[in-house]
Amino acid sequence: QVQLVESGGGLVQPGGSLRLSCAASGTIASINFMAWYREAPGKQRELVARIFSDSKTNYADSVKGRFTISRDNAKNTVYLQMNNLKPEDTAVYYCNANLRLDGLGGPSTPRNYWGQGTQVTVSS
C-alpha cells in the first residue's frame, strides 16, 4: 500500500508564487517517476510536469519557464515551484507516482498511484 500526501495549495493573486509538495510513503522499493497533473472544471486532466529517476524532466508548454519540478530522494518527496501564476493555472493539482513495492520475493510490478488533489486558485 502506498499513500501520496499533498500540501501547499491555496489562493494566490496573478503573478504570485506557490510551492506544492507530495510525499510518498509505504514499502517502496523504487520510484520510476513522480509527476504533477491538473484538472480544471470542464477540461481534461493534463500532465503539468514529470521527473524521472535519472532526473530527466518534462513540462507542459503552458508552464515551461514558470514552473519547476524537483525531488528529495531521502524523503520520497516531489515539489512543484509555481511562479508568475496566471488565472488559467486555476485547477485541482494531483500528485502521481510510478513505483515498485518492496516484498520478500523482490519488487512488485510497477504501477501508478495518485494523491488526493489540492486546489490552486489564481484570482485577484
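Modeller: Two strands pair if DSSP finds at least two bridges between them. The structure discussed here is a predicted model.

Biologist: How many bridges join β9 to strand β10?

Modeller: Strand β10 covers residues 111–114, and β9 and β10 run antiparallel. Within β10, tryptophan 114 is the bridge partner of asparagine 96. The number of bridges that join β9 to β10 is four.

Biologist: Which residue in β11 does valine 92 stand opposite?

Modeller: Strand β11 (residues 118–122) runs antiparallel to β9, and three bridges join them. The residue in β11 opposite valine 92 is glutamine 119.

Biologist: How many bridges join strand β4 to β9?

Modeller: Strand β4 comprises residues 28–39 and runs antiparallel to β9. Isoleucine 28 stands opposite leucine 101 in β9. The number of bridges that join β4 to β9 is 10.

Biologist: How many residues apart in sequence are the parts that the disulfide pair ties together?

Modeller: A search of the whole structure finds one disulfide, formed by cysteine 22 and cysteine 95 with their sulfur atoms 2.1 Å apart. Cysteine 22 lies in strand β3 (residues 18–26) and cysteine 95 in strand β9 (residues 91–101), so the parts tied together are separated in sequence by 73 residues.

Biologist: Is the disulfide of cysteine 22 and cysteine 95 left-handed or right-handed?

Modeller: Both cysteine 22 and cysteine 95 are buried. The torsion about their S-S bond is about -85 degrees, so the disulfide is left-handed.

Biologist: With the side chain of which residue does the side chain of arginine 66 make a polar contact?

Modeller: Arginine 66 lies in the loop between β6 (57–59) and β7 (67–72). Its relative accessible area is 9%, which is under 20%, so arginine 66 is buried. At 2.8 Å, the side-chain partner of arginine 66 in the polar contact is aspartate 89.

Conventions
Residues numbered from 1 in each chain as written. Predicted model: local features only at pLDDT ≥ 70, side-chain atom pairs only at ≥ 80, totals over all residues. Heavy atoms only, no water. Disulfide = S-S within 2.5 Å. Helix = DSSP H or I, 4+ residues; strand = E, 2+ residues; numbered from the N terminus. Buried < 20%, exposed > 50% of the residue type's maximum accessible area, 1.4 Å probe, protein only. Polar contact = N/O pair within 3.5 Å; in protein donor to acceptor, adjacent residues only side chain to side chain.
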